[in-house]
Amino acid sequence: MNYTLLGAVLAYEVIVIVGLGLWLQRRRDATAKDEFALARRSLSMPVVAVTLALTVLGGPHILGVFEMAWILGAAAVWFSLAHVILLVVVCLGTGVWLRRIGVATVPQLLQMSYGIETRLLVSCVMAGVLFGILTVEAQGIGIIFASLTDWDIPTGAVVGGVLGILYVILAGINEIGVVNLVNAVVMYVGLILAVIVVALNLPGRNFDSVEQFYLSADQAHMLSIFGNAEIMMTFVLGTLVAVIFSQGINQMLLQPAMAAKDDKTIMRALWIAAPVNGLFGVFAVVLGLTAKSIPEFQALGQKVAATSMLVAYLPNWLAAILLAAFLAAILSTFAMISLAIATIFSHDIYRNLYRPDADERQMTLVMRIVIVLVAGTATGVASFLPPILAAMNWLFAWLVPVFWVLVFGLFWRCNQRVAITTLLASWIANSVWSFSDLPAWLGMAGTPNAFVTVFVAIGILVAGNLVRPGQPGFLNRSAAG
């Protein structure tokens, strides 16, 4: 075990997370409305931009892309490119809409459009999906620690889970945002230096040997971001649909937008958030392909090969910086998801159904309890998961119909029966597609789940609203009023 490296990584995380968290906690107004969950809707553009970027720059972007580069090659970068398009949708679309309307959760806006039944239904399912993503992030944390130590993944997930709770529990979204600013700078400095050092350790002191490895194995498609026709039609298109139409309406990504100072802050944040998020995938693919081309790391398997290569090739100080930054990026997502689940529960369930008179102190206490419970539970199941991106794309498919229900309800028509029918039918289709032989029977094995849910959702919404038209869309009603 490399105790020096482990100690340096843990020291960095504790100093930055706990130090900034305690400083921000002393400055916060514990009685101000939405202080913990939304920072009184006062986040500045740099904080919003980096938090948006790092919220979706977690385990799937880092370790998931490392894994998928083994299977798909350079085409794995489309997972990152899909998130760039997603950030455009959020910063110019859904994030702006929710900030202007002034809601605290996505389900709250669905209640305004459709009714309380739709709000509660989506609240429960969205919290479940977020918990699933949280377990994937916990797996990523465990993998980072497994690379640093002789611990197994579950043990690493537990240690990381404690750090993830500290990332948010002291000062809420303000803590996440400020810590993210520090970590984003450290991450990119470390990542650029790491890629250079890895290249210098390869034969010829460049990446030519990596290219030759795949060419000699008759796997030239592994070096192209377009892969082959099958990869483009399944992974690439499936990822684009799943990421854009699920994360574009996901509480964990929209909460920083709802906490922004104003809608112009969100629009300007795009120019920082998109490159910070998107460029990372390029570096991750390069490192993943390189690790597979080196026999000693290839033998370790796709989950830990790339991180083990970094530990072996980089000087201790640079390995500590880079792995601490990787861990911080995953912890940021872990913390933001925990806060999003807690916000949904406190606003959509606790205050909405049981304590409408709950003050800010009570709401903060409830959110802190939920954060500890969901984060602790997620670390317990982190080791029983499939490859990271496979799990994420299945989870994303659950939120695709929510995106279209919201869009139709804002801009066209609102009919609660049609909305609920759409959601239930889409979710049933997603489950059937995953756990039955129907795809093979139809000759469509390999078709991404997101394709199924988007077609079912749009089909039912269009037909249902034509047959049973309800009220005009929420924005149309607001304009008329």
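In this predicted model, aspartate 357 pairs with arginine 355 in a salt bridge. The closest N and O atoms of the two side chains are 3.3 Å apart. Aspartate 357 has a relative accessible area of 58% and is therefore exposed, the cut-off being over 50%. Arginine 355 reaches 30% relative accessibility, so this residue counts as partly exposed.

The salt bridges come to four in total. Side chains of opposite charge can pair when their charged atoms come close. Another of these contacts joins arginine 40 to glutamate 35. Here the closest N and O atoms lie 2.6 Å apart. Arginine 40 is partly exposed, with 44% relative accessible area. Glutamate 35, at 1% relative accessibility, counts as buried because the limit for that class is under 20%.

A further salt bridge links aspartate 348 and arginine 119, with an N to O distance of 2.6 Å. Aspartate 348 belongs to helix H16, whereas arginine 119 belongs to helix H7 (residues 116–148), so the pair ties together parts that are 229 residues apart in sequence. Aspartate 348 and arginine 119 are both buried.

Helix H16 also takes part in a surface feature. A nonpolar patch is formed by Val185, Val189, Ile192, Leu193, Ile196, Leu200, Trp317 and Ile321. Together these residues have about 710 Å² of accessible area. Helix H9 (173–200) and helix H16 (316–354) each contribute at least two residues to the patch. The most comes from H9, which gives six residues. Leucine 193 is one of the patch residues and sits in helix H9. Its relative accessibility is 34%, so leucine 193 counts as partly exposed.

Helix packing was examined for H5 and H12. The axes of helix H5 (residues 78–101) and helix H12 (residues 251–258) come within 9 Å. They cross at roughly 60°. The crossing of H5 past H12 is right-handed.

Conventions. Residues are numbered from 1 along each chain as its sequence is written. This is a predicted model: local features need pLDDT of at least 70, side-chain atom pairs count only at pLDDT 80 or more; totals for chains, interfaces and linings use all residues. Side-chain values use heavy atoms; hydrogens and water are left out. Patches are made of residues with over 30% relative accessible area and no salt bridge: like charges are joined within 9 Å, nonpolar side chains (Val, Leu, Ile, Met, Phe, Trp, Tyr) within 5 Å. Accessible areas come from the Shrake-Rupley method with a 1.4 Å probe; for residues, only the protein chains shown count as cover. Helices (H or I, at least four residues) and strands (E, at least two) are DSSP runs, numbered from the N terminus. Buried means under 20% relative accessible area, exposed over 50%, partly exposed in between (1.4 Å probe, protein chains only). Axes are lines fitted to C-alpha atoms, for helices over the stretch in contact, and angles run from 0 to 180 degrees between N-to-C directions. A crossing is left-handed if the near helix is turned anticlockwise from the far one by less than a right angle, and right-handed if clockwise.
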